[in-house]
Amino acid sequence: MSNASFHTPAVMTAIEITHPGGPDVLVPTKRPVPQPAADEVLIRVYAAGVNGPDVLQRKGLYHPPPGASDIPGLEVSGEVVEVGSAVHSFRTGDLVCALLTGGGYAEYAVANQAVVMKVPDGLSMIEAAAMPETFMTVWLNLVQRGQLQAGDSVLIHGGASGIGTTATMIAKAMGASNIMTTISSDAQREASLRLGADHAINYRKEDFVAKVEEFTANKGVDIILDIIGGDYVARNFAAAGMNGRILQISALQGPAKDLNLWPMMTKRLVHLGSTLRPRPNEEKAAIIAELEKHVWPFIKSGQIKPQVYKTLPLENAREAHEMLDAGGHIGKIVLTTAANPTH
């Protein structure tokens, strides 16, 4: 079923990874426009979020699941221009955002109807593109798996990242009592505190373990959300309080180092790891349903809003990854296409 007012072209511009490496391996190319299966919609992409997993895929460290597009990009916003024969929740012309298993850095993308969302009230299309992967990852880990409760203390590593800013806002909205983040600059500190953190720790100058002890009166923290890995794993064990929960959602520094398991046992810690991308659509749909119920009202009221650091044209994906690698950003970097109404 096609949108009569719009003719879908046969080919599109997309960004491919020519080989594993640095940002320079991201190159614009021409690809056939994907065709939606019976339970999928075809989205004319307005904007695509840039995320840490995209960087790992670029480096050859995070391969797409079987059957997924090799084009990077896990979240988009745009207009539905075709729907499959079994799609009943969306029509052509709907403005949506979606979680993808790949294919976001392109002018068109297909998505299973289970992981497509109407754009929440109060968000622009660019903000909507910065939301699905990040918000779903944070909700899955901080709330569903980490069992965040009102009054819990939380330590969020990478506090200025898309994950970090989102986790800070959601933790605040859900009633966390003592939110701590790690950041690397005064600008990031100011942004983190503005979004709801009680303390922002500059990891370049301060020992976050010592600071957590100070800010918790030596009790340690209840929940730690970590994208770093490496030597942070052992330090997280040190910073965690009794019955603490540690949620490992990435490992930008690689494998754990010099890991002493004794603190895990004596503090009765729980260390959980997860990825969102390979999960079945049914599980992703359940996360979306909870977000719509619990988080969308905060978005509508303006209390929570995806933080967009910079927008760049799709063809400038290399520059977007250079920014992400440099680490000075606050919030999300978003790629936009010529279809975006704000162009």
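This is a predicted model: local features need pLDDT of at least 70, side-chain atom pairs count only at pLDDT 80 or more; totals for chains, interfaces and linings use all residues.
Reader: Which residues of H9 are buried, and why are they said to line one face of the helix?

Author: Lys284, Ile287, Ile288 and Leu291 are the buried residues of H9, a word that calls for under 20% relative accessible area. Seen down the axis of H9, the buried residues fall within an arc of 100°, and therefore they line one face of the helix.

Reader: Why is Ala286 called partly exposed?

Author: Ala286, which is found in helix H9, has a relative accessible area of 40%. Since buried means under 20% and exposed means over 50%, a value of 40% lies in between, and Ala286 is therefore called partly exposed. Between Ala286 and Ala38, which are 248 residues apart in sequence, the C-alpha to C-alpha separation in space is 21 Å.

Reader: What makes Pro32 count as exposed, and which residues does Pro32 touch?

Author: Pro32 has a relative accessibility of 59%, and because exposed means over 50%, Pro32 counts as exposed. Pro32 belongs to strand S2, and, if residues up to four places away in sequence are not counted, Pro32 touches Ala10, Val11 and Met12. Thr134 is 102 residues from Pro32 along the chain, and the C-alpha atoms of the two are separated by 28 Å.

Reader: How many cavities of 30 Å³ or more does the structure hold, and what lines the largest cavity?

Author: The structure holds one cavity of 30 Å³ or more, and about 30 Å³ of space lies in the largest cavity. Its lining is made up of Leu74, Leu99, Leu100, Glu133, Leu276 and Arg277. Because Leu counts as nonpolar, and Glu and Arg count as charged, the lining is classed as four nonpolar, no polar and two charged residues.

Reader: What volume does the largest pocket have, and which element gives the most to its lining?

Author: About 1,100 Å³ of space lies in the largest pocket. Of the 46 residues that line this pocket, Gly52, Ile227, Ile228, Ser250 and Leu252 are the closest to its centre. H3 gives the most to the lining, with five residues, and the elements that each supply at least two residues include helix H4 (162–173) and helix H11 (317–326). By class, the lining divides into 21 nonpolar, 19 polar and six charged residues.

Reader: Where does the largest share of the lining of the second largest pocket come from?

Author: The second largest pocket has a volume of about 330 Å³, and 23 residues line it, with Glu40, Ser69, Thr101, Gly102 and Val110 nearest its centre. Strand S2 (26–32), strand S6 (108–112) and H9 are the elements that give two or more residues to this lining, and the largest share, five residues, comes from S6.

Technical notes
Residues are numbered from 1 along each chain as its sequence is written. Side-chain values use heavy atoms; hydrogens and water are left out. Buried means under 20% relative accessible area, exposed over 50%, partly exposed in between (1.4 Å probe, protein chains only). Helices (H or I, at least four residues) and strands (E, at least two) are DSSP runs, numbered from the N terminus. The arc is that of the directions from the helix axis to the C-beta atoms. On a 1 Å grid over the protein atoms alone, a cavity is a set of points where a 1.4 Å probe fits but cannot get out, and a pocket is an open set with protein on both sides within 12 Å along at least five of seven lines; lining residues have an atom within 4 Å of a point. Grid points are joined across faces, edges and corners, and a volume is the space filled by probe spheres set on the points. Contact means heavy atoms within 4.5 Å.
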